[in-house]
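Visitor: I am new to this structure. Please pick out a single residue and take a close look at it, starting from the chain around it.

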Amino acid sequence: MAGKLYAIGTGPGASDLITVRAARLLETLDVLYAPAGKKGGDSLALSIVREYLGEQVVIEERHFPMTADAGEKQAVWDQVAADIEQDVQAGKQVGFVTLGDSMLFSTWVFLLARLQGKVLADGSPLDMEMIPGISSYSCIASAAQFPLAMEQQSMAVMSCTAEPDVLSAALQNHECVVLMKVYGRFNQIRSLLAELGLLKHAVLMANASMATEITYRDLASVDEQAKLPYFSTIVVNRAWNA
């Protein structure tokens, strides 16, 4: 059998929110690569899918450093991409799991940039398939019963690492804005929402779909000193009250 690579979105966190296609595929893999946020730490993406893995699956947990050192990050991406290519070249069915959807704010995209267009020793292209996953903001909207967009409304998905003026423009130009990567930036984002009169139209959810899920519908009441979980996202809809 020819080797193939699958990028698999795990969904937001709950193991029963992965797709049926992903669950069926995970059982058949030869090798599964899973990103770990800390050296020696367990991979959250792996913990979500572990119950679906076949006994034959070899697990490769890889640490992707969260650092401003571009050279260090690129070295890791290069090495993991090379290891994956080698496994596919050997005829293995290889998976890479990532939280949410693999094509949105995902480490996978950096690997895709390195692997797309690769040609194997026999002259064939490296075969890849992406299995979509439920994005965290879709889960949040459903859990909070807080719509995203409809009819002629527009929606923007933004990283809170963007400059304040960029975030402000998005909040003014779109009916719905998803603010991801809130961790460590909540107070600045809350001030911006207050300035634009949007606090009553915003919901914050952390660890969506997990046992530790937390929801805040009144962002003004959140303690300034509160340390929000890493997986915290704010959804703003100017046409809907929180």
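**One residue and its chain**

Guide: Of the contacts in the protein chain with a separation of 6 or more, 70% are between residues 24 or more positions apart; contact means heavy atoms within 4.5 Å. This is a predicted model, in which local features need pLDDT of at least 70 and side-chain atom pairs count only at pLDDT 80 or more, while totals for chains, interfaces and linings use all residues. Residues are numbered from 1 along each chain as its sequence is written, and side-chain values use heavy atoms, with hydrogens and water left out.

The protein chain has seven helices and ten strands, where helices (H or I, at least four residues) and strands (E, at least two) are DSSP runs numbered from the N terminus. Its C-alpha atoms fill a box of roughly 60 × 40 × 35 Å along the principal axes. Of the 242 residues in the protein chain, 45% are buried, meaning under 20% relative accessible area with a 1.4 Å probe, counting protein chains only.

The residue to look at is Cys176, which lies in strand E7, residues 176–180. Cys176 counts as buried because its relative accessibility is 0%. Leaving aside residues up to four places away in sequence, Cys176 touches Leu148, Ser154, Met155 and Ala156, as well as Val235, Val236 and Asn237. Pro147 is 29 residues from Cys176 along the chain, and the C-alpha atoms of the two are separated by 8.7 Å.

Methods:
Buried < 20%, exposed > 50% of the residue type's maximum accessible area, 1.4 Å probe, protein only.
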